[in-house]
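Please keep the structure open while reading.

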Amino acid sequence: MNSIYYLLAFISGSVLTLQVGINGKLLHSLGSPVLTSFISFMVGTIGLGVIYVCAAFLGVQTVPSLQSFSLPSWWVWSGGLLGAFYIFTVIFVAPKIGFANMFSLVVAGQIILAILFDHFGVLGNQIHSLTALKSVGVALLIAGVYLIQTN
């Protein structure tokens, strides 16, 4: 059953490339990376809203109390802003440096920060120590990004 999580993670990464391509077409039509990002988020928000309401109606999703919205610290609400920054950045950057250059840097940033988060247990996550093999992996990742960036 764990293999489904790995497959979903891989598909999710693949879909990001498709999303950037689709948003690039929308950018070409609209001419504004900010408006394109806004529309991308708005369509995603509507889609998630429909899924949530359907799941709640079917009883497979619980509905939180209004009080539960006041429980988290203020900074946990920033995730949407970080997502908007990501969407805007890839919409803005992909046409200028290309998909491979952009995504090699995106993936490198994700993996390097993820390894640090794992090693230090950032945000209360379980600690997964940095090992020699992970360090070699990061070095190879950086080398791979360098090779992709050089034409």
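Leaving aside residues up to four places away in sequence, Ile87 touches Gln19, Asn23, Ser37, Ser40 and Phe41. The model is a predicted one, and its side-chain atom pairs count only at pLDDT 80 or more. Ile87 also belongs to the largest nonpolar core of the chain.

**Nonpolar core**

- The largest nonpolar core has 10 residues in all: Val20, Leu27, Tyr86, Ile87, Val90, Ile91, Ala94, Met102, Phe103 and Val106.
- At least two residues of this core come from each of α1, α3 (79–97) and α4.
- Helix α3 gives the largest share of the core, with 5 residues.

**Fold and overall dimensions**

- The secondary structure of the protein chain consists of 5 helices and 0 strands, and the pattern along the sequence is α-α-α-α-α.
- For 151 residues the globule rule gives 15 Å, whereas the radius of gyration of the protein chain is 19 Å, well over that value, so the chain is more spread out than a compact globule.
- Taken along the principal axes, the box filled by the C-alpha atoms is roughly 50 × 45 × 35 Å.
- Of the contacts between residues at least 6 apart in sequence, 53% join residues at least 24 apart.

**Burial and surface**

- Buried residues account for 16% of the 151 residues in the protein chain.
- The chain exposes about 11,200 Å², and 75% of this area is supplied by carbon and sulfur atoms.
- A nonpolar surface patch of about 860 Å² is formed by Ile4, Tyr5, Tyr6, Leu7, Leu8, Phe10, Ile11 and Val15.
- Tyr5, one of the patch residues, lies in helix α1 (residues 2–30).
- The relative accessible area of Tyr5 is 53%; exposed means over 50%, so Tyr5 counts as exposed.

**Loop between α4 and α5**

- Leu123 sits in the loop between α4 (99–120) and α5 (132–149).
- The phi angle of Leu123 is near 65 degrees, which is a positive value in a residue other than glycine.
- Leu123 has 59% relative accessibility and therefore counts as exposed, again by the cut-off of over 50%.

Notes
Residues are numbered from 1 along each chain as its sequence is written. This is a predicted model: local features need pLDDT of at least 70, side-chain atom pairs count only at pLDDT 80 or more; totals for chains, interfaces and linings use all residues. Side-chain values use heavy atoms; hydrogens and water are left out. Patches are made of residues with over 30% relative accessible area and no salt bridge: like charges are joined within 9 Å, nonpolar side chains (Val, Leu, Ile, Met, Phe, Trp, Tyr) within 5 Å. Accessible areas come from the Shrake-Rupley method with a 1.4 Å probe; for residues, only the protein chains shown count as cover. A salt bridge is a side-chain nitrogen of Lys or Arg within 4 Å of a carboxyl oxygen of Asp or Glu. Helices (H or I, at least four residues) and strands (E, at least two) are DSSP runs, numbered from the N terminus. Buried means under 20% relative accessible area, exposed over 50%, partly exposed in between (1.4 Å probe, protein chains only). The radius of gyration is taken over C-alpha atoms; the globule rule is 2.2 Å times the number of residues to the power 0.38. Contact means heavy atoms within 4.5 Å. A nonpolar core is a set of buried Ala, Val, Leu, Ile, Met, Phe, Trp, Tyr and Cys residues joined through side-chain atoms within 4.5 Å.
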